[in-house]
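Work through the exercises below with the model open. Try each task before reading its solution.

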Amino acid sequence: MVQLRSVTKSFGGSSAAVQDISFHLRKGEFAFLTGDSGAGKTTVLKLIHMLHRPTSGEVRVSRYSSSRIRRRDLPGLRRRVGYIFQDFRLLENLTAEENVAFALEVTGMPRAKIGPRVQKLLSQVGLAARAQAFPRELSGGEQQRVAVARALANEPLVLLADEPTGNLDERASAGVFGLFQKINASGTSVLMATHDAELIRRHRDVRVIELEQGRLVFDSAGETE
Amino acid sequence: MRALREAMSGIRRAPVLTLLSVMAIGLSVFSIGLFALTAHNIDVALSDVEGRVEVVAYLRDDASEEQIAIARHEIESFPEVESARYVSKVEALYEASRELTEFSDVYSDLEVNPLPASLEIRLEPDHRTPDDVEAVADRVSAYQFVEEARYGREWVDRIYSLRRVAGGAAAILGISFATGAALLIGIAVRMSVLARSREIAIMQTVGATDGYIRRPFLVEGLVTGLAGGLLALGLTWGSYEAVQRTLVSLAWLPVPWTAAGLAFAGILGMLAAGRAVRRELRRLDVH
Ligand SMILES: Nc1ncnc2c1ncn2[C@@H]1O[C@H](COP(=O)(O)OP(=O)(O)O)[C@@H](O)[C@H]1O
Ligand SMILES: [Mg+2]
């Protein structure tokens, strides 16, 4: 489903941000992508979202391949890969529901369909009551949920989350993690970047892929194909 | 609707640059407008002249009435010829004395009529071109009793070449202003893109197509272009009025021409914006 094959990404510095990484995230699978700050987690997520192109190697997502994808195919890929940024990236001048609706409008979905779908997404993330609130009126955890609802809007095959619990207290963090598990249970693969060792320890059954200075040093699924 | 609203906010964000773009497009289309006005009025004048284009064949005094009647018939059967009118020596004198009244005394005193008889040959409307006029004149000169065939070729040629010169000058001016306008619109649009780069990046990550992202910028370019077109229309009208009042009376441009000018300005604005935004989108995305 999501497959990295000997992927190296260099930004032109002395050492590559990501070096010779291979792993395979299967359909419906949940995995932590862990490592210290600067290890290359965000770079890996952006490679999967094809915001970055690998310097060498290949990233495959569903039927898309980083070595063959054309610019006009990117929107299609992006709709199948939900991305939750570390800083949420909500539009400040739009309400929670407008932020979610935005992801549907850009795909050309008819207006009549958007309203009900947005309500459904917001209740799925437990935010139906705050639909009219602007991002500045929401807590970090609530903003995170809006970002999740937006990432889910186009029914992605895989959800990429970049340190979603990084800025949250323990309670909110547990809530967001529970939400990801619920989403995963409905069939969406989830790859969650985090350097929260405590969270990983608490969920020993979840696959862990660990990076260190751009290299893959551990994969609990034991495969480095 | 979204596209229009966002285009307006783009324009509000950089009003000076937008104004400069409007002025550049305005000047560009204005120089084309001045040419169009000149060309149109030359056309009007030409069709006036062309209506009078005729070949006059002066006949020798020894030509017989019979010969002339046959020749008149033959000439009228030329495909280019509409009619051929015989003007006798007497009629020629009469017309001359009527047109040139100051000489009428001289004419009446003449013992011998010095004016030749002639055939006045009018051409069919679609044959009133310099080439056809020359061809007819050549054929008519071939009759042995024709002394000389005259036509206004040089004059017609001069008007045509004047039109070409005006066209060339307008093209050079128009193209240089259009290039400047495209550059300015490019800068304005690039600034709009930068001001909205965060929003654009978010649109790209949720899977918006380039077309969707581009639309508001295209509308911004279109609005700027149309505003420039209206400015050009105003300037052209002003020049027309000024010449009209002080120099000669002119014909105003046909409606399809002004519509084409406006459309050209709008499309120029849209193309310039499209080019700029395409380049910026490439820069913002995959790397
Ligand atoms: N756009 C970029 N340009 C240059 N260097 C980058 C860029 N993105 C990331 N890097 C570098 O790549 C390395 C990995 O960064 P990142 O993937 O953000 O790590 P993490 O998310 O694990 O903290 C870092 O050394 C970082 O400075
Ligand atoms: Mg990171």
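**Exercise 1. Describe the make-up of chain B.**

Step 1. Chain B has 10 helices and four strands. Helices (H or I, at least four residues) and strands (E, at least two) are DSSP runs, numbered from the N terminus.

Step 2. Along the sequence, the order in chain B is α-α-β-α-β-α-α-β-α-β-α-α-α-α.

Step 3. Of the 287 residues in chain B, 42% are buried. Buried means under 20% relative accessible area, exposed over 50%, partly exposed in between (1.4 Å probe, protein chains only).

Step 4. Take the contacts in chain B with a separation of 6 or more: 83% of them join residues 24 or more positions apart. Contact means heavy atoms within 4.5 Å.

A note on conventions. This is a predicted model, where local features need pLDDT of at least 70 and side-chain atom pairs pLDDT 80 or more, while totals for chains, interfaces and linings use all residues. Residues are numbered from 1 along each chain as its sequence is written, chains are lettered from A and ligands numbered from 1 in the order written, and side-chain values use heavy atoms, without hydrogens and water.

**Exercise 2. What covers the buried residues of α3(A)?**

Step 1. Locate the helix: α3 of chain A spans residues 96-105. Eight of its 10 residues are buried.

Step 2. Among the buried ones are V100(A), F102(A) and L104(A).

Step 3. The cover includes α4 (111-124) and α5 (140-152) of chain A. It also includes α8 (197-205) of chain B.

**Exercise 3. Trace salt bridges.**

Step 1. The structure holds 19 salt bridges over all chains. Each is a side-chain nitrogen of Lys or Arg within 4 Å of a carboxyl oxygen of Asp or Glu.

Step 2. R207(A) and D219(A) form one, at 2.8 Å from N to O. R207(A) lies in strand β9 (residues 207-212) and D219(A) in strand β10 (residues 215-219), 12 residues apart. R207(A) is buried at 6% relative accessibility. D219(A) is buried too, at 8%.

Step 3. E120(B) pairs with R85(B), the closest N and O atoms being 3.3 Å apart. E120(B) is in strand β3 (residues 118-123) and R85(B) in strand β2 (residues 81-87), so the bridge ties together parts 35 residues apart in sequence. R85(B) is partly exposed, at 40% relative accessibility.

Step 4. R70(A) and D73(A) meet at 3.4 Å, N to O. R70(A) is partly exposed, at 45%.

Step 5. R5(A), E58(A) and R60(A) are linked in a network of salt bridges.
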